[in-house]
Amino acid sequence: MANYKMHILVCGGTGCKTSESDMIAHNLRSSLQQHGLADDVQVVMSGCFGFCEKGPIVKVLPDNTFYVSVKPSDAATIIEEHIIKGRPVQHLLYNDPATGEKISESRKMDFYQQQYRIALRNCGFIDPENIDEAIARDAYQALGKVLTQMKPQEVIDIIKRSGLRGRGGAGFPTGLKWEIASKVPGEEKYVVCNADEGDPGAFMDRSILEGDPHSVLEAMAICGYCIGASQGLIYIRAEYPLAIERLKIAIRQAREYGLLGNNIMGTGFNFDITLRYGAGAFVCGEETALIHSMEGHRGEPTFKPPFPAEKGYKGKPTNVNNVETFANVPAIILNGAEWFAAIGTEKSKGTKVFALAGKINNVGLIEVPMGTKLRTVINDIGGGIKNNKKFKAVQIGGPSGGFLTEKHLDTPIDYDSLTEAGSMMGSGGMIVMDESDCMVAMAKFYLDFTVEESCGKCAPCRIGNKRLDELLEKITEGKATEEDLSLLRNLGQVIKDTSLCMLGGSSPNPVLSTLEHFYDEYLAHVRDHRCPAGQCKALVHYIIDPEQCVGCTACARACPVNAISGERKKPHVIDQLICIKCGTCVEKCKFNAVLVQ
Amino acid sequence: MSTVKIELKPHQVEQIKQICKEFNNDPGELINVLHKVQNTFGYLPAEIQELVASELNIPVAKVYGVVTFYSFFTMLPKGQYPISVCMGTACYVRGAEKVVEEIKKALNIKIGETTPDGKFSLSCLRCVGACGLAPVVMIGEKTFGRVAPESVKEILQEFL
Amino acid sequence: MSTINITIDNKTLQVDKGTTILKAAQKAGIHIPTLCYMHLEDLNIEHKPAGCRICVVEVAGRRNLAPACATECTEGMVVNTHSLRVLNARKTVMELILSDHPTDCLICPKSGNCDLQSMAHQLGIRKIHYQGEQSTYREDTSPSIIRDMDKCIMCRRCETMCNEFQTVGVLSAVNRGFMAVVAPAFEQNLDHSPCTYCGQCVAVCPTGALTEVDHTNQLIRTLADPAKTVIVQTAPAVRAALGEEFGLPAGTLVTGKLVAALRRLGFHYVFDTDWAADLTIMEEGTELLDRLTRYLNGDKSVTLPILTSCCPAWVKFFEHQFPDLIDIPSSARSPQQMFGSVAKTYFAQMLGIDRKNLVVVSIMPCLAKKYECTRPEFAVDGNPDVDFSISTRELANLIKQSNIDFLSLPDEDFDNPMGESTGAGVIFGTTGGVIEAAVRTAYELYTKKPLPRIDFHELRGLDGIRQATIDFDGLKLNIGIAHGLGNARKLLEDIRAGKSNFHAIEIMACPGGCIGGGGQPLHHGNSTIIKARHKAIYLEDSNKPIRKSHENPYIQKVYQEFLGKPMSEKAHHLLHTIYFDRSKKSFVVTQE
Amino acid sequence: MTKVKTLDDLVRLRDELRQKLEIREKGDRSEQLIQVKVAMATCGIASGAKQVMDYFIEELPKRNISAVVTQTGCMGYCYAEPTVEITLPGKEPVVFGHVNKDKADEIIEKYLKAGELVDGIIPQTFKKPS
């Protein structure tokens, strides 16, 4: 048997796989083979490391060297230089943008320094397709402890005391949810894991399922024990093939080990898990809609109560939790409620995983203690704004969330502070915007999404969001009036107030929060017919600065509609009536002579 | 939803019946059945929906109601190389819209359409999770990251 | 049951646990407006998708507004039904609904009878602040029903009736979001679907999205044609409901005025479908006894129960859904069609005119009757036995168009020979009536003894499925009754599974039977209206001098002069029919 | 395939499997551990560095010492190969020359366990290339 002296972890998350990390692993293995080191060095495909910006990631252990942006062709170099000669491959190391120094160890990188990993504890550390590695990291120990040493109510009490709240968005106390489901009488109950992560720009749940599926399976079994259910269902987006594959493997392995199935660890407790697939409907993240979808219906939400805890899947008591919520549970059981409750703020305990994206240097998946300031996340972990532009806003909570601005940067990230600031925790998408982003256009982007994803059941969401979207369109085209802005605000309020489910109940948030924080920008659109960010096509003009133009004719030749005229070596002019604002001239001009106003 | 008319061959009918049977002809498994059938046939034309409805003993209107609710299901055949442009927020912020425009122009089709030669079809999808590579375009099984509008033609060239 | 204390608009009251805010408010005399909500209490149909959001109210301590129709009261709840926040939200939502609805009220068939219109009025909407794209769909016309889904507000009542109550499953919500609409599979036309044309979708539609195919103009033209003799038959349920259209309370019988009005409209002869109902009893009752006797004598080729066949929606239902059972229903045609075939033979001969110059019009509480007229087996050389059918609503409209002051009309009598009817014919109009009429006749034919009592209360009522055992002088006859096709389905599934021990079953597609038909004046969700009509039918029965079909002198006459005896060859040819297996898929691509 | 029949089974299995992941676990907290770096360039390997490294890897767990054993490139003391650099937590690295199994044993027993220096230390006269 091989006695490995070194391990090389290759990120097998969807992001890195997209950049051929499979090929990297393959090349690493064949290079090891060539050098007769196959038995000395183990190559492992792990879950997501989180640092997606610089993917694919390769990590060499035990020296803990962190390679970024690795290409398959780099594999041989890593083996020959690092493994054989012991010299870190310099050009693959992370370059600290602040100091310009190469950093070889991930924990010395700003990106990781401020993070605290509970839900992601095993992501990027173990091979998610090998249950042994999970077990070595205490997987199923919590389940064993619960089954052999605790009564369901004791477990529920621990979860309650830990202060864990639902990570899917609304933040309902998890222990309380379990307690309610446990008290509803019923022979047949269900535990459902909501893995229908649909926020555009969010991939927290997927990364957990891809990187550490057993943590979720274990937690579902614990929940089953607490509420008296023997069946679990994971509702997962069909768009997540890798997560589905890894879940299937994990379930199979857990069954083989007897960690799922009948009479788990000889305790007489039975629990098994099956998968249900979403089919591209954002609203199915809402728990009643999710349940209807699992039953083979259109994923339309129904009025609550009855809550799923009373009448859920197949009309039976059902407990629905999100992936990240479940992933926290085993750690809480093993480390104690007090340990968990010590992390975070008074009302928001533990950590939260965010998918950090947008105009930021370090796009990736992060986990920070509740209460961490936005500034820390954006500037330290995120490495600041891309291309040295100015920070403008951060949008948290996807289409349900709101925009936060400069003045919110010192807001601690927790459920209540974010709500108070006019946003919401949401599931964890965090999109950073810079000065070149038009807030009206961004609000419209989210509304486009909502309009497309509204199920159509209730009038305010079905028609109201469409009208909101149309009003926003009017504004971005410079055709709106100030009265439209007050209509916009009233409509947003009414949609929030009257919609059937939280999709409609939160869909106006991007509009309302931008109206609140960027009213001037709206005014500029309606009053001056101007888009300050220069993003709204209908409101910008392309003109040539005669001072800068050298008359090279590059723009005129490239213009698809022949809107540019001018003699050679003389300043050119754009005919505004012909110009279609495609931006080609800007790209072609080498002298920055084309201005967008 | 527009659709095309097809005639199912006996072995295809058998295949679909078999899939329904795998799920015990349980109406609760409708979505799983549709997933599997679409995986097998590429799309879900009316004839297939009628067959599935009768196998699961539910009204075909209900099947159609489900098919049209979920964006994953399609009643039109996809191109040989289905092009999906990620429209997640990260990709949007990094210019996915321009990329879509460029593809539309290059292929002369709209979103949801297939080129007349059946080679390409174009769709947008929500976050594929490769936000670090934004904007992301998937053509068939292949993924392209950090796609610039200018590089669209070059990328498509690979598949011609 | 425990009670709960709540406060609504400063009134405190006690309600039972489980009571919704809407019901509690009603108790306090506060009528919260609703649009999608529908509760047909006596029929056990409650539809509360909480989708329109018109009924939202403010509940103290709650983040958002609560739909009164679906929110249950909790102890100490404080509700405000007309705060500024509520009124603004309610109006805004109404404006939104109207912004996606055509504003062609002036020419809409539902104008004046439209829930959306009256709600807009009630809420004082004077301007639609939110304007934008409207969702549009292809219009669909079938023999009975027009679907103009541009006017659909997604209340989903039709979907509930079609699926939960009727289990026909033709209508489903399709698409998503702004383009969501209720439609048949593939958004095809209804006539490519297993639609039974029961018209219950039309009966509950709050807008002009679902309406009947209007034959009144055709009728006006026909009546003006000097070459035609135009006769009319009117179904039993019509007389118990027509008065509602003229402001009379539900359940007012207007038989005499109905006849007078029809005469003034210009019909040459005003006849009664009840006469044909008596004829139906002769045929169906005889068939029942024949099958029963052969069955009791051990004839293995005979199957029981026998099912009634006078409801065209029910006939189409079993042709689509239970084609394996099409030999069980009685082969007797419906009264409408018996009337038509006798009129165009017997009566045409009597008048000495060609059937082509005799136009038979029916006034029906039903939309499926429009379709039934068009079934090819009910035509001779392309000339239909019944030329066309108009609904109770269309008749009311026509009377108004013709400047007839309905309420001041004198009571007049039907013409003969096809206008005389018995109480048995009348009760065809409500659930349980056909089988009671059949029992009255079959009992006397079978036992050769006079009925000891004429009223079979055990067969009456509004429960969806009822059963009774009638003693035929020693022979215990097990009778089943169902109204609503969902209830019918249950009985049929038992039959299919060999678990049924009924000898005879009556089935009506509509709630309450024909009195609740899709062509009746709209009940707007008030089921007491149906109850009142139900009572009126039995009142008409008890007022009739003759109450058994076989005692109808004009029925006896038609057998003597024309048909011979029940189930004779001629009767078989004119009064019976065959059924078709319609389960084959009929998918057709409709081009835009 | 292993069937976990009791919690004890699971605990036992975990303890067994843990060793396989030890390399990774250590990497995660290397600064708190003793680090043993064996120079494994051509010169080192030629003089038996690989055997020395294997010896450390096998012996340390047996003697209950938590340490990270890694390889490194040529340290520049080719005359003294095999060379091993040891860093005790919080202390400056110390380089030992001419390390064979016996010497390794002595280093483990004295320096690693007790912090006593042993013969063979190569004085650091220049900063090694990183």
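Student: How many of the residues in chain A are buried, as a percentage?
Tutor: A residue counts as buried if 20 or more other C-beta atoms, placed from the backbone, lie within 10 Å of its own. Buried residues make up 62% of the 597 residues in chain A. Please note that this is a predicted model, in which local features need pLDDT of at least 70, side-chain atom pairs count only at pLDDT 80 or more, and totals for chains, interfaces and linings use all residues. Residues are numbered from 1 along each chain as its sequence is written, while chains are lettered from A and ligands numbered from 1 in the order in which they are written.

Student: What helices and strands does chain A have?
Tutor: Helices (H or I, at least four residues) and strands (E, at least two) are DSSP runs, numbered from the N terminus. Chain A has 24 helices and 20 strands. Its radius of gyration, taken over C-alpha atoms, is 26 Å, close to the 25 Å of the globule rule (2.2 Å times the number of residues to the power 0.38), so chain A is as compact as a globular protein of that length.

Student: Which pair of chains that touch has the most contacts?
Tutor: Two residues are in contact if their C-beta atoms, placed from the backbone, lie within 7 Å. Of the four pairs of chains that touch, A and B have the most contacts. Chain B gives 31 residues to this contact and chain A gives 36. On the side of chain B, α2 (30-41), α4 (60-69) and α5 (89-93) each supply at least two residues. By contrast, chains B and D do not touch, and their nearest C-alpha atoms are 25 Å apart.

Student: At what angle do helices α7 and α8 of chain A pack?
Tutor: Axes are lines fitted to C-alpha atoms, for helices over the stretch in contact, and angles run from 0 to 180 degrees between N-to-C directions. Helix α7 (residues 152-162) and helix α8 (residues 174-183) of chain A pack at about 155°, with their axes 7 Å apart. The two helices are therefore roughly antiparallel (an angle over 145 degrees).

Student: Which residues of α7(A) and α8(A) make the contact?
Tutor: Among them are A:Pro152, A:Ile156 and A:Ile159 of α7(A), and A:Leu176, A:Trp178 and A:Glu179 of α8(A).

Methods:
A residue is buried if 20 or more other C-beta atoms lie within 10 Å of its own, exposed if 12 or fewer, and partly exposed in between; C-beta atoms are placed from the backbone. Angles under 35 degrees count as roughly parallel, over 145 as roughly antiparallel, 65 to 115 as roughly perpendicular and the rest as oblique.
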